[in-house]
Amino acid sequence: MLALLEIIKKTTDYLASKGIESPRLNAELLISHALGLKRMQLYVQFERLLTEPELAAIRPLVKRRSAREPLQYIVGETEWCGLRLKVDRRALIPRPETEYLFELVQERVASPPAAVLDLGTGTGALALAAATCWPDARVTAVDLHEEALSLARENTERLHLGERVRLVRSHWCESLPAGETFDLILSNPPYLTSGELDEAEPEVKDHEPRSALVAEEEGRADLALLLAQCRQRIAPDGLLALETGIAHHAWLQEQARMFGWGATESARDLTGRDRFVFARP
């Protein structure tokens, strides 16, 4: 029998040999999940001897992570924007960049929006953040893929927001009721090229849904559709907020003018790269 600390050290070394970033953190999170403990509880049990059933629960999780399956998919959830969301292969794992987008949106919204639209909702992250931030808002979450909508539905239910978030299957705005407009439209659409995805880490390119990452026309196709469709869906004083590729911004400014948007603004992410576009009618 081996002590917990020894198992953590052995797991850390093994994950490091497989190229896992932050191997000690990964080891602790996997082991705490397998044992049904909070991570900090491990620190007061370092000398505890693990039983064979406990080791048997740990091994397959470590094997999956060593194959570069995302940690969030293995433990089945992630904390994002203060929400604990269920995550799995049905949708993209919510990113820190998108959390920062929502922070920037809150700075730019002068008064609580009455109607919010999240396009390409995936896990439901942006829609659920909006419903939590603005309790009186009417929130609509759209996704083309039924499997993603089913995951978003599970998250709305686990957060007790099912009655406040409307889920719609649609290719962007196409299936929304005619004439319906929104004070705030949010989207983290696909914007990578195939080449950019091929260069991504195995956690991304081998495990997350390609349809949520890659767009045609050098990553621009869905962004162009959003600028076109959302112009007819934005309220007179509304705001469109998009997460985008870092090479798209000059083109996006031109497209926004072509589709009749008024003021547009580019903003950088936490690494200093052009990542977000805000547009007003």
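Q: Why is Thr140 called buried?
A: Buried means under 20% relative accessible area, exposed means over 50%, and partly exposed lies in between, with a 1.4 Å probe and protein chains only. Thr140 has a relative accessible area of 0%, so Thr140 is buried. This is a predicted model, in which local features need pLDDT of at least 70 and side-chain atom pairs count only at pLDDT 80 or more, while totals for chains, interfaces and linings use all residues. Residues are numbered from 1 along each chain as its sequence is written, and side-chain values use heavy atoms, with hydrogens and water left out.

Q: Where does Thr140 lie, and which residues is Thr140 in contact with, leaving aside neighbours within four places in sequence?
A: Thr140 is in strand β4; helices (H or I, at least four residues) and strands (E, at least two) are DSSP runs, numbered from the N terminus. Contact means heavy atoms within 4.5 Å. With neighbours within four places left aside, the contacts of Thr140 include Val116, Leu117, Asp118, Arg166 and Phe182.

Q: What makes Ser32 count as buried?
A: Ser32 has 4% relative accessibility, so Ser32 counts as buried. Ser32 sits in helix α2 (residues 23-35). Not counting residues up to four places away in sequence, Ser32 touches Leu37, Lys38, Arg39 and Leu42.

Q: Is Arg59 buried, exposed or partly exposed, and what makes Arg59 count as that?
A: The relative accessibility of Arg59 is 46%, so Arg59 counts as partly exposed. Arg59 belongs to helix α3 (residues 52-66).

Q: What joins the side chains of Arg59 and Glu52?
A: A polar contact of 2.8 Å joins these side chains. The term stands for a pair of N or O atoms within 3.5 Å; within protein, one must be able to donate a hydrogen and the other to accept it, and residues adjacent in sequence count only if both atoms are side-chain atoms.

Q: Why is the pair of Tyr43 and Phe46 called tilted?
A: The structure holds three aromatic pairs. In the pair of Tyr43 and Phe46, the ring centres are 5.3 Å apart and the planes are at 50°, so the pair is tilted. Rings of Phe, Tyr and Trp (its six-membered ring) pair if their centres lie within 6.5 Å; planes under 30 degrees apart count as stacked, over 60 as edge-to-face and the rest as tilted.

Q: How do you know whether Tyr43 and Phe46 are buried or exposed?
A: Tyr43 has a relative accessible area of 34%, so Tyr43 is partly exposed. Phe46, at 18% relative accessibility, counts as buried.

Q: Why is His160 called exposed?
A: The relative accessible area of His160 is 73%, so His160 is exposed. His160 is in the loop between α7 and β5 (165-169). Phi of His160 is near 60°, a positive value in a residue other than glycine.

Q: What makes Trp172 buried?
A: Trp172 has a relative accessible area of 7%, so Trp172 is buried. Trp172 is in the loop between β5 and β6 (182-187). Phi of Trp172 is near 55°, a positive value in a residue other than glycine.
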